[in-house]
Each structure stands twice: as C-alpha cells, then as structure tokens.
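Try each task on your own before you read its solution.

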Amino acid sequence: MMLASSSTSACSAKPVQRAHRRVHAMTSLKPTEPAESAEPATESKSLEVMRKFSEQYAKRSGTYFCVDKSVTAVVIQGLAEHKDTLGAPLCPCRHYDDKEAEAAQGYWNCPCVPMRERKVCHCMLFLTEDNDFVGKDQDITIEEIKTGIAM
C-alpha cells in the first residue's frame, strides 16, 4: 500500500467526505426533474443490478470499495439512476453537456475506458490496493447502500 504524504493521513475522512458530497450532489435529482413514481430510487431494480455488477467487477478486476462505504453507496445509486433514466450506467461523477449522447457513445459508461484500460476510477468506486482510501471489501449489502445514501 502506498503511504500517504505527511500532510494527509491514509484514512483522512475529509477528502472522502468531500468526494461523497460531490458525488451525492451530482447524482441527486434536480428540482425540475420528476421523482420516480413507481418506487423510490433506493428501491429500484437498477440499484440491485448495479450493486451486483459492482461486486462482480471489483472481484474480477482485483479492486476494492472505498473504506467509507457511503462513497460506494452514492456512486452505485448514481449509476442506477443513470441506468433508469439513460438506459446505461453513465459515470455519475462527471459533468456532461449532453448525458444522452455520452451514454450512447459509451466511453464513460461504467466501467469506463480509463477503468478498463488503467484501473483508474474517478468515482472512487473501484480502488486498487495502492490507493490511500482503499477498503478491504468487494461486497456491499443493499442495507449498506441505503445507509450510505441517507448520510
């Protein structure tokens, strides 16, 4: 595991909290967007699909979830929301001028090209062992996701 610089602890919560707030802000429904009428986002079929995908991909790629599972939860929620609204799990951690065009193009669909080619995950969903925020888990329960989303 790579050591953190002397100015930052390897388990420093502040960068993880900032990342969590950034991802949560980017994946939250905007006031002009309608809420899902059939069921809440945290109960969607896509949330379970993306949870299972994330676990399988972490195991297959030899990566792990963040030590702060709320980061993992919010990213999975964002992927599920994009799967529901765009038909593809577009990376929820980036800004897009045209989400539909980006989803159709596929470069930023999870796992994105940088993740597949270099194991670089901008969202902190899939972390390599040398990442300062890597946890030990490749599994996350639906209850952990619900708790992480509620934070």
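**Exercise 1: A glutamine and its surroundings**

With a relative accessible area of 18%, Q138 is buried (buried means under 20% relative accessible area, exposed over 50%, partly exposed in between, with a 1.4 Å probe and protein chains only). The model is a predicted one, where local features need pLDDT of at least 70 and side-chain atom pairs count only at pLDDT 80 or more, while totals for chains, interfaces and linings use all residues. Residues are numbered from 1 along each chain as its sequence is written, and side-chain values use heavy atoms, leaving out hydrogens and water.

Task: Find where Q138 sits and which residues it is in contact with, leaving aside its neighbours within four places in sequence.

Solution: 
- Step 1. Locate the residue: Q138 is in the loop between α5 and α6. Helices here are DSSP runs of H or I with at least four residues, strands are runs of E with at least two, and both are numbered from the N terminus.
- Step 2. List the partners, with contact meaning heavy atoms within 4.5 Å. Beyond those sequence neighbours, Q138 touches E55, A58, K59, G62, T63, Y64 and F65.
- Step 3. Look at the polar atoms of the Q138 side chain: one lies 2.8 Å from the backbone oxygen of T63, and one lies 3.2 Å from the backbone oxygen of A58.

**Exercise 2: Sorting the cysteines**

Solution: 
- Step 1. Apply the criterion: a disulfide is a pair of cysteine sulfur atoms within 2.5 Å.
- Step 2. Name the pair: C93 is joined to C123, with 2.4 Å from S to S. This pair links distant parts of the chain, 30 residues apart: C93 is in the loop between α3 (69-86) and α4 (99-105), and C123 is in the loop between α5 (113-118) and α6 (142-150).
- Step 3. Describe the link: it is right-handed, with 130° about the S-S bond, and both C93 and C123 are buried.

**Exercise 3: The whole protein**

Task: How many helices and strands does the protein have, and what percentage of its residues is buried?

Solution: 
- Step 1. Count the elements: there are 6 helices and 0 strands.
- Step 2. Take the buried share: 44% of the 151 residues are buried.

Terms used: A polar contact is a pair of N or O atoms within 3.5 Å; within protein, one must be able to donate a hydrogen and the other to accept it, and residues adjacent in sequence count only if both atoms are side-chain atoms.
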